[in-house]
Amino acid sequence: MSSAHNLAEPIKGRLDVDGRLVSADPLLLRLHLHSGGFEGGPLAIPQLANLCRLSKKLGMNLSRPVKAADDDNNLNLWVETRIEPDSDGGLSISIVDWKETPLSRNYNNDEQRQRDFDRLNARGMIRTDTALRITSISLPGKVRLSEHSIGSALLDVFAVVKPSKPTLFTESIAERQPVRNHHVSLLLDPDSKYILSGQPLVDNLGVYSGYRFSVEKLNDESSDSGNSESTKPSLISDSLFGAQLGPALRQPLGKIIANAETIGSQLEGPLRGDYASYAKDIAAAGRHLMDLVNDLSDLEAIERPEFTVAPDEIDLIDLAHRASGLLTVKAADHQIRVDLPDEDSEMPALGEFRRVLQILVNLLGNAIRYSPDGSVIKIRVDRNGDRAEISVSDQGDGIPEEDQHKIFEKFERLGRSGDGGSGLGLFISRRLAKAMDGSLSVKSAKGKGATFTLSLPLRTKKGSE
Amino acid sequence: MEKRDFSAVENDGFDLAKKAGEYGASSAFLTSDLSNALFPESGLYLSDRLLSNSRQYLRSMIGEIESQLCLKAVENLGVVHASIVEIGNSSMVYCHDHLRNAGLLNQSDLLEHVFVQAQKVELTNRLLQKFSQENLENSLASHLDHEDQNVAEAAMALLVSRNRSGFQIGQISCRLSDVPVEIYHDLVWSVTAAVQKISGCSEPKLLAAAELLLAGHDESQSIDNRAQRLAGLLDHAEASATIPHPIKDGLDLFLARIALRSQLSINQLTIFTAEPNMARLVVVMRALGITEIDAISVFTALDGSGNILTPASYKEISRDQAIVMTDNWSKPSAFQTAERKLASNHPEIDG
């Protein structure tokens, strides 16, 4: 299950006196970029950077194995460093062996993180064994199938429906191929329709071990537009984004972002520096548009009269850790540390799990966006009478008092632009908080950071209070 | 009656007084020296041959460094100081005693390296009593025709390194490229200070020569390093299915392959071979799932005391327990040391 790049020539790179990667062959550059580095920036591959630091500290040439990881692969490299006597502290790197081994994905944290992403995006998840029997399931919406469907064959619980073709689905599964955007319905409740996408799983030994599907609820009007147009015309106009424009825009936008990132990272080969930079701009603009589409879909949903939230029993500390986990990479990009409450303690509250997570991700994302690099963001929980409160404090520029009411208005950007925000996040978050019988407020002063506090009904533990 | 000449041992008063002062200082350590000899703590038997080889290796290492340092100073930087020229051209060892007296050789990393090198000589001697040098080299040469060019090149590099080491039975000498960089770095600076003291040469060029010596050190030339690289390449190739064996692989590659699979270091494994009954090496082989036939064969090849490993005693070791033990030994040595000291000196606090 391992592969080796054919290194007829070693992969070369060069660091300047400050440890910045000033030149690199494409494979090394790709790994550097994937590790969070940027062109001309400090070498971002931790294990390699450590080796280079040691080499420079000792003033000696080293030759050692280095382990790293990139996307879905573990990398086993053999690296030689060479002190450059004539370059005033420069160091050259030569990678003579480059072996890739598929990365095991069976880590609990990865699973939990993926589940959190799914829940944040209103997706469900199904895991199956090799015989396509369901081993775990969580579906979006209120359908609770787990008791009945665990152990059942996937196709005894779901039927592939038009426009998808059952034979194509089963053939893909038989060939252990990924499946994308298949329309299915519950056999027990044919009106409940979903979009199913899945990836085959391999275990530590590289053996096929089943499938992991993500499940998205399919609205009737989008699944069968011909009928619903005639029967429910009002809903179509009501759900312009959620049902029609949203899905229609997300797919092409996703492709634009993916392709632009591929070009910008020079995965397919070296590129002129300014062209790579344009591609990164395209990817950033695409992500901004995608966020806007998502926000507009949410906006549309929460402004519907029938919008409701589920009163889940949640723990705000657990949700704080999950939100932080989802933004780990973004925070690390800016060397920002998120100071979280002790994971072993609890702050029970009532609110819809997914929506509270959405609010916290929005608050934490804003805090990262508007905090200086290297600063600390504090998340604290507190009990205030019958309310459970969670606050996110940053060390940014703060918000003048006269502007504080404006930031919760639609499309209000306080004159900021180009930072990736849509101006809808806080408006949506406050509306969601209110829908959960809660509130979202801010305390801030110019130059002294900002503290956003989400307040929700306290959940009394049964038997304890 | 034969007249004896006492002139050779005649000392003047000044010399005697000086020596008396020195012995006064050093004899304070008499009890600790005797204690170490009478009550060794390690459980390893340090034979006279092993101690002699260790001393010889250490002296050789220091002699090589001081000689190379002075040659660099003279040839590359134009130092003309008579003592530096003399040290550079001499085969004598000048700095050893100074460094020893200053306690600069009493470093655990350095001594472990010295012991490991002496033990490897011991193991090589044992293998050569059972198999010819030619047989041992042929096994490594078989990789030269490997279809993966990188494997073939790595095997060639290891062969070259081994041949350069010029190993001969009954002799041990240091090849500087085999000294681990961290040890080499510290030792070069210690030797530089000692050379400066001995020669009275305080030219900055001596320090510049030390820097040149360090920059010229190439870790990739060391036998351990090349064996590790080859082991890594073979582990990805079809050879991963074969069992590591000192006869089939040669000692260096055997240790590197076991080290790679067990996540232990080559030094640790070499020390295991010096322990009574090679008990820890046997546990490691059990943890790696090596069959009893192969384990017994490896044991017999490396043993030098006529000990026997039986299939029953090998199979008696629980594989799960062996895996846990091996995993514990692979933890950072500082952690293991601290764990042991804490366990023995600080009983757990109740409540």
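# Note on a predicted two-chain model

1. B:S222 counts as buried because its relative accessibility is 8%; buried means under 20% relative accessible area, exposed over 50%, and partly exposed in between, with a 1.4 Å probe and protein chains only. This is a predicted model, in which local features need pLDDT of at least 70, side-chain atom pairs count only at pLDDT 80 or more, and totals for chains, interfaces and linings use all residues. Residues are numbered from 1 along each chain as its sequence is written, chains are lettered from A and ligands numbered from 1 in the order in which they are written, and side-chain values use heavy atoms, with hydrogens and water left out.

2. Where is B:S222 placed? It is in the loop between α10 (204-216) and α11 (223-236) of chain B; helices (H or I, at least four residues) and strands (E, at least two) are DSSP runs, numbered from the N terminus. Leaving aside neighbours within four places in sequence, B:S222 is in contact with B:S161, B:R175, B:S177 and B:D178, where contact means heavy atoms within 4.5 Å. The C-alpha atoms of B:S222 and B:V179 are separated by 7.5 Å, and the two residues are 43 residues apart along the chain.

3. A:S192 lies between β10 (179-186) and β11 (193-202) of chain A. Its relative accessible area is 8%, so A:S192 is buried. Beyond its neighbours within four places in sequence, A:S192 is in contact with A:V184, A:S185, A:L186 and A:K217.

4. Chain A has 15 helices and 19 strands, whereas chain B has 19 helices and zero strands. Of the 465 residues of chain A, 45% count as buried; for the 351 residues of chain B, the figure is 42%. In chain A, 59% of the contacts with a separation of 6 or more are between residues 24 or more positions apart. In chain B, 72% of the contacts between residues at least 6 apart in sequence join residues at least 24 apart.

5. The accessible surface of chain A comes to about 24,000 Å², with 50% belonging to carbon and sulfur atoms. Chain B exposes about 19,400 Å², and carbon and sulfur atoms supply 54% of that area. These areas come from the Shrake-Rupley method with a 1.4 Å probe; for residues, only the protein chains shown count as cover.

6. A:M60, A:W78 and A:K99 supply 32% of the area that chain A buries against chain B, more than any other three residues.

7. The largest nonpolar core has 59 residues. Such a core is a set of buried Ala, Val, Leu, Ile, Met, Phe, Trp, Tyr and Cys residues joined through side-chain atoms within 4.5 Å. The residues with the most contacts inside the largest core are A:L43, B:M61, B:I65, B:Y184 and B:V195. Apart from it lies another core, of 49 residues, which includes A:I317, A:L326, A:I390 and A:F452.

8. Leaving aside neighbours within four places in sequence, B:I65 is in contact with B:L176, B:Y184, B:L187, B:V188, B:V191 and B:L213.

9. Helix α1 (residues 26-34) of chain A has A:L28, A:L29, A:L31, A:H32 and A:L33 as its buried residues. They pack against β2 (11-15), β3 (21-24), α2 (46-58), β4 (63-70), β5 (73-83) and β6 (91-102) of chain A. Just after this helix, A:G36 takes a positive phi of about 100°.

10. There are five aromatic pairs over all chains. Rings of Phe, Tyr and Trp (its six-membered ring) pair if their centres lie within 6.5 Å; planes under 30 degrees apart count as stacked, over 60 as edge-to-face and the rest as tilted. A:Y211 and A:F213 are stacked, at 5.3 Å centre to centre with 15° between the planes, and both are buried. The rings of B:F272 and B:W329 have centres 5.5 Å apart and planes at 65°, so this pair is edge-to-face. B:F272 is in α14 (residues 266-274) and B:W329 in α18 (residues 319-329) of chain B, 57 residues apart.

Notes:
Buried area is the accessible area (1.4 Å probe) that two parts lose on being put together, summed over both.
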